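Reader: I would like to see how the labels used for a structure follow from its values. Could we go through some of them?

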Amino acid sequence: MNIKKLLVPLALLFPLATQAQSISQAQLEQFKQLPRAQQEALASQYGIDLNNITGSQRTTQRPEQVNVVEPVTTITDEERDRAREQKQQEDKQTAKNGGLKPYGYDLFAGSPTTFAPVTEIPVPSDYTLGPGDVLRIQMWGNQNQNLELPISRDGTISFPDSGPVTVAGLSFDEARQQIRKRVSEQYIGVEASITLGELRSMRVFVLGEARNPGSYTVSSLSTITNALYVSGGVKQNGSLRNVQHKRNGKLVGTLDLYDLLLKGDSSADNRLQPGDVIFIPPVGKRAGIEGEVYRPALYELKGDNTLADLVRMAGGLTPQAYPQRVNIERTNEDFLRIIAEADYTAQQGRNARVQAGDRVRIPSISDITGQYVEVKGAATRAGKFAWMPGMRLSSIIQNLDTDLQSVADKRFAAIVRTDKNTDSISVLNLRLREAITRPGSEHDIALEEKDRILIFSDAGKVQGGEEGQNFTRESLFTPVLQRLKSQAKPGEPQQTIRISGPVRYPGEYPMPATRSLADAIFVAGGLKDSASLYHAEVARYSTDEQGIGQTNILNIDLADAMAGNSQVTLQSRDRILIKSIPEFATTRTITLAGEVRYPGEYTFRDGETLKDVLQRAGGVTNNAFPRGAVFTREKLRQLEAQRLREAEERLQGDLLGVQLQGDGVGGRNAERVQQVEDLLEEVQNSRPVGRMVIDLAAVLENENYQAIRLQDGDQLTIPTIPQSVSVFGEVQFPTSHLHQASLTVDDYLERSGGPTRQADESRVYVVKADGSVTLPQRSRWFGGRSQQLEPGDTIIMPIDVDRLNQLELWTNVSQIVYQIALGAAAVGNL
């Protein structure tokens, strides 16, 4: 070939390439025929990347991943609702089957969000080539070339300078041998390596009981299971054991997914071809198995199955299984559910036929068999322990600190013992500390088979939220007491007692084996310090000679009983009452404040008076004003609070009634509404004081004055000598005025601006400094409203309630409010 003639058109080729023009395949092939040195020279001259011309770059790129399934995040709401509805139906079916789920369908629960073609695995030699596959051919020797030859629709590849080669329908190994032969014949001194590049995609159909039936585009290397993953798997009403592979309407093969799941056998997972159909028929017969097997579930049967086959599919029996009495529930010919049994240890039992709808239950080894003792409660290692003859409590609990929880009661424990002959229980009380610290002693009781040791928590050690709250005497003894009551019968009454009063854990308990009162108190946690050792009572139920029930009261000297000297023996249903020391640890105090020589909180004895405590406090100071003393009492404060609540409720009802009347002529009703609302607000803002009127001067000086017996919570506040007279209520300017001996009630009212429009001048009253109330118009002592006042007095101008409804109610309410306000003011001004 003339090199110059070849270089002329190629020289024109590169400017066109730089302008991104199309290059014909013939020109490209001519360029590839040039030696490598000339190719590099031309590419360097025109600034062209040689790899873009020769196509070698494509040989190093990974094939682009093609997603053939949309991500789950892009599914529509309709599809999401359909999936949710399908899940709900499956859950209902599971509940209908007693909680057993069909086996194997979780295989598809973790399917990927996208499905990409399989391109990174080695291509098998028997892979059949077809249109869309790309062959990569690397030639070296006298000529170096990298070719990527796609298989066209007619099944051929275009080999340079040698014409088309038909490869479709050939296996990859056959095509490789044929191409090598062609290269060796047409190119002297050239060898070739043939690999597969991009693989073709193909469309297959997944139909039947698939979660998402339809047509799917998959890789040419895909198998049946790949297509099942693409379609979302098999619905629970679809068969896993008869997945059909069809081609051109004919059955090519079937796939039993149980072989894959149970044996790891994928030999039947055939490779698909374009147009293949995967059909999932409805599920076949099923049988369920539960109990002591490793995989309880519903299993699909295939052919004749035995009990051994079903157990094998369920993973076999656990070590806790009891195979001699396998329970089989099935439907008979009359459509009734019957129960049969099979001995799995015998050949006949293992060969028992399993039918559709059977439900097999493998029982566990019964808990009532075997030799053991059990520890329950606040122990660090609660549970069952092997029992051996001669075993004692110290054999299991050896150290109080390491074998018991920090919240455990280390003084007391109990043993619940079952009688082998009668199956009845009894309770033995343990002095736990003595049993552990003195092994082998009388307190270290010998254990018997199936004994239950109860370790209780100590309420004083349990903090909020700790586990020890579940190990109280009440919680651990409750089932024991129920059993004791249920086993009672004539001649054998229930062995329970009840204890109340100042013990640490009052309540109902099993009868102590010794039947002594001291042991019963020990079980209840012992006495509190408020318990009286002189008196206790035992209420005993019994029947007389005529069989009539009666209750007798036994008085007990508790000190003798605790010392073991009492002759009283407890009986069934005895109720023990431990009495408290009267007035135990109760302290009553009074608070003295203000002008007292030694103010403070004083504790007083029962029957002590106010005068007695004041003398203990050193009396009053020289600046004290006894006539203005404020004495408050807690019970009176509570009574005032109750009166305020009642007044508020009645005012709210009256306010509603006034509002419902509507506005009258001239807006009078609206004015009444506003006045009631103001009064209601005053009631709501008032705080009870609990003041009691006393004449403190008479208390201190007059021996004949009634003595004031103190109560817990009393308070006495003595003010300093006042210099003012206050005016409150419906006056223009409520305030306090400096006391002047020559001024009367009317003078002070005039100095406060006089009455308002809604004042009731006929009901003016004066609250004296000691809290007593006088009416100037009716009092002879006052001599009318021209009478002079004393320091600390308060003049009240009430509201004219005649202008409103409910005269009596509002009068009382206003007086309550004024009295409370005066008491609070008297205390607050100190």
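Author: What follows is a set of questions on a predicted model, each answered by setting a value against a cut-off.

Reader: Why is Glu 608 called buried?

Author: The relative accessible area of Glu 608 is 5%. Buried means under 20%, so Glu 608 counts as buried.

Reader: What makes Arg 605 exposed?

Author: Arg 605 has a relative accessible area of 58%. The label exposed needs a value over 50%, therefore Arg 605 is exposed.

Reader: How do you know that Glu 608 and Arg 605 form a salt bridge?

Author: Their side chains meet at 3.7 Å, N to O. The cut-off is within 4 Å for a side-chain nitrogen of Lys or Arg and a carboxyl oxygen of Asp or Glu, so the pair qualifies. By this rule the count comes to 34 salt bridges.

Reader: Why is the contact of Arg 337 with Glu 329 called a salt bridge?

Author: The closest N and O atoms of Arg 337 and Glu 329 are 3.3 Å apart. That lies within 4 Å, so the name applies.

Reader: Why are Arg 337 and Glu 329 called partly exposed?

Author: Arg 337 has 42% relative accessibility, and Glu 329 has a relative accessible area of 28%.

Reader: Which residue forms a salt bridge with Arg 325?

Author: The partner is Glu 341, at 3.3 Å, N to O. This pair links distant parts of the chain, 16 residues apart: Arg 325 is in the loop between helix H10 and strand E14, while Glu 341 is in strand E15.

Reader: What makes strands E29 and E31 edge strands?

Author: Strand E29 (600-603) and strand E31 (691-692) each pair on one side only. They belong to an open sheet of five strands with mixed pairing, in the order E29-E28-E32-E30-E31.

Reader: How do you know that E30 and E32 pair?

Author: Three bridges join strand E30 to strand E32, and the two run antiparallel. Pairing needs at least two bridges, so E30 and E32 count as paired. Phe 631 stands opposite Leu 716 in E32.

Reader: Which residues have the most contacts inside the largest nonpolar core?

Author: They are Ile 455, Phe 477, Ile 576 and Ile 578, in a core of 59 residues. Strand E20 (residues 408-418) gives the largest share of this core, six residues. A second, separate core has 42 residues, including Tyr 105 and Val 218.

Key: Residues numbered from 1 in each chain as written. Predicted model: local features only at pLDDT ≥ 70, side-chain atom pairs only at ≥ 80, totals over all residues. Heavy atoms only, no water. Helix = DSSP H or I, 4+ residues; strand = E, 2+ residues; numbered from the N terminus. Core = buried A, V, L, I, M, F, W, Y, C linked by side-chain atoms within 4.5 Å. Buried < 20%, exposed > 50% of the residue type's maximum accessible area, 1.4 Å probe, protein only.
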